[in-house]
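Please look through the sequence and the structure below before reading on. The paragraphs that follow lead from one packing region to the next.

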Amino acid sequence: MSTIKLTLVLAGLLLIAALAAYAWHLWRRVWAQQESQAAAEQERRQRLGGDLNILASSLLDEQLPLIEGAIRIKVLLDNYDSALSNDARCQVFHQLFEATADVPTHAAWKALDKPARRRFEKRFTELELQHKAAARTAARWLLDEGLASRPDRA
């Protein structure tokens, strides 16, 4: 084999080795990024699980208004686990969320005149009377079984 051919073969092998090393380096970065994302997702789920635990407990202890608690639980459940959120035992949270979807919040609530606020508050009272038992049952189920069955519970 001539010197030129040998030089070209060696240069080709060096190039292949360099590219393989670079590909390995890039794959290691991808794997590290995947591990980091998985850890961040696990941390997020643990935080959401803890928040759900606190909200459900607060709703049961009546430290949180029923309507507000149901809305917050529904939103967190959607972010925590859509299968759990869509469980039939959690549907009361969805019903209360939908029943109050048109209620103004924050500055818009403060801008309402008193008669408008009273109408919404009357509806809140009616919804609370209608759904209180179901919401408490759902919150109890979440604490006892729904969140407990999740391996990443906080």
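Contact here means heavy atoms within 4.5 Å, and helices are DSSP runs (H or I, at least four residues), numbered from the N terminus. The model is predicted, so that local features need pLDDT of at least 70 and side-chain atom pairs count only at pLDDT 80 or more, while totals for chains, interfaces and linings use all residues. Residues are numbered from 1 along each chain as its sequence is written, and side-chain values use heavy atoms, with hydrogens and water left out.

K74 counts as buried because its relative accessibility is 12%.

Helix α2 also packs on α6, at an angle of about 45° and with the axes 9 Å apart; axes are lines fitted to C-alpha atoms, for helices over the stretch in contact, and angles run from 0 to 180 degrees between N-to-C directions. That angle makes α2 oblique to α6, since angles under 35 degrees count as roughly parallel, over 145 as roughly antiparallel, 65 to 115 as roughly perpendicular and the rest as oblique. The contact is made by L66, I67, I73 and L77 of α2 together with F124, L127, E128, H131, K132, A135 and L142 of α6. By class, it has 8 nonpolar, 1 polar and 2 charged residues, where Ala, Val, Leu, Ile, Met, Phe, Trp, Tyr, Cys and Pro count as nonpolar, Asp, Glu, Lys and Arg as charged, and the others, Gly among them, as polar.

Helix α6 (residues 114–146) is approached by α1 as well, the two axes coming within 9 Å and crossing at roughly 140°, which makes α1 oblique to α6. Here N53, A56, S57, L59 and L60 in α1 meet A135, R136, A139, R140 and L143 in α6, and this contact has 6 nonpolar, 2 polar and 2 charged residues.

Within α1 (residues 3–60), S57 is partly exposed, because its relative accessible area is 25%. A polar atom of the S57 side chain lies 3.0 Å from the backbone oxygen of N53.

Conventions:
Helices (H or I, at least four residues) and strands (E, at least two) are DSSP runs, numbered from the N terminus. Buried means under 20% relative accessible area, exposed over 50%, partly exposed in between (1.4 Å probe, protein chains only). A polar contact is a pair of N or O atoms within 3.5 Å; within protein, one must be able to donate a hydrogen and the other to accept it, and residues adjacent in sequence count only if both atoms are side-chain atoms.
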